[in-house]
Amino acid sequence: GEPTALWLGKRVFVEGKTGTGCVRFVGKTVFANGTWLGVEMDKAVGKHNGVVDGVRYFSCQHEHGLMLPQSAGAVTIASKTAVADMEASDLVAYMEAVKYQEPEEPPPSEWHSSRAPFPQTERANRQVVAAAVAKDGLNLCFAASRLKGDKELVLVAMRNGGQLCDASIELRADREVVVEAVRHGDRSSGGQLQFACGDLCADKAVVLDAVRHSSTAAGSALWHACASLREDKEVVVAAVQANGMGLAYASAELKRNKEIALHAVRQTGEALECVHESLKHDKDVVLTAIEKCRALTSGGGLHAHFFVAWRHAKPLWGDKEVALAGVSQCHHVFDNIPDELQHDEQILSAFETRKNFVEEK
């Protein structure tokens, strides 16, 4: 079927570039007529970072972004096999061999009647749409294009959990609309910021709002911020305090910052994988990460984050305090510590205590 907003986030194959990527934008642009697709390519075969003629349509690394007209038919949804992992040279032959076709989407009349809160004939009725978005902002996606450019209507939608990608290009460059979107959108989706246009991804106040209101995906919001804000200590601290894994999108310099690393691992122990290698040798950081994993459990259980933290704590497996903290949480890591520590009475006692606890369970 033809590209629609349903393609957002899907893996695609781009003809002519012989490569794969991910759809980050579908919609109208200010530089040309028609519907365009913004694709973040896996390799540096693009032309920009999601900004075209001063307008940001999505965010990606430099030379990884492409804007392609829907009418060109150059984008094909990749098969759900291992296509995404193939080399570009193998993709052309694969796509030709399997003749993969994306299943056709149901015609608008069908999916509107099954999912929309109003008949398709009412999509342009402002009163009907206003009532729908007041109930659930996500209903904005069913509105006619004209109403997606109605600022008053869109603000109501954003305050009720609507998606910024459903607003018009002009309103995605409106600061008030974007602020409402990042403040009231799904807290698991820091990606609202990726649909902001213009210079709003470089607006510190907007980005701070985004990371603070995206508690389960603050890293996503930080990723869509401009590079200079990923180097801003205040912004990064706010992001990692909301979700420690946001550290993955901080600048290399700030990943070396012990204060920021401690903020991150205090929020989630698995954030230890995001800190600079030098801090994986820092006992304070490592112990904080391991103890955070203990705090996440109840009844003496074991949290999955522990294994991530422990794997990245490898440089300090030979430290008695770190080894003791690890064995106290999981007796299986006893084999990871050096022989001399395996004969330490305190560690042996912790090993036996933990092992007996697990066996009794």
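Residues are numbered from 1 along each chain as its sequence is written, and side-chain values use heavy atoms, with hydrogens and water left out. In this predicted model, local features need pLDDT of at least 70 and side-chain atom pairs count only at pLDDT 80 or more, while totals for chains, interfaces and linings use all residues.

The protein contains 15 helices and 7 strands, taken as DSSP runs numbered from the N terminus (helices: H or I, at least four residues; strands: E, at least two). Of its 361 residues, 50% are buried, that is, under 20% relative accessible area with a 1.4 Å probe, protein chains only.

Helix α4 (residues 151-159) and helix α5 (residues 175-184) have axes that come within 8 Å and cross at roughly 15°; axes are lines fitted to C-alpha atoms over the stretch in contact, and angles run from 0 to 180 degrees between N-to-C directions. The two helices are therefore roughly parallel to each other (angles under 35 degrees). In their contact (heavy atoms within 4.5 Å), K151, V154, L155, M158 and R159 of α4 meet E176, V177, E180, A181 and H184 of α5.

The largest nonpolar core has 82 residues, and L164 and L193 have the most contacts inside it. Such a core is a set of buried Ala, Val, Leu, Ile, Met, Phe, Trp, Tyr and Cys residues joined through side-chain atoms within 4.5 Å. Another core, of 10 residues, lies apart from it and includes V52, C60, M67 and C197. Not counting residues up to four places away in sequence, L193 touches V182, C201, V206, V207, A210, A221, H224 and A225.

Conventions
Angles under 35 degrees count as roughly parallel, over 145 as roughly antiparallel, 65 to 115 as roughly perpendicular and the rest as oblique.
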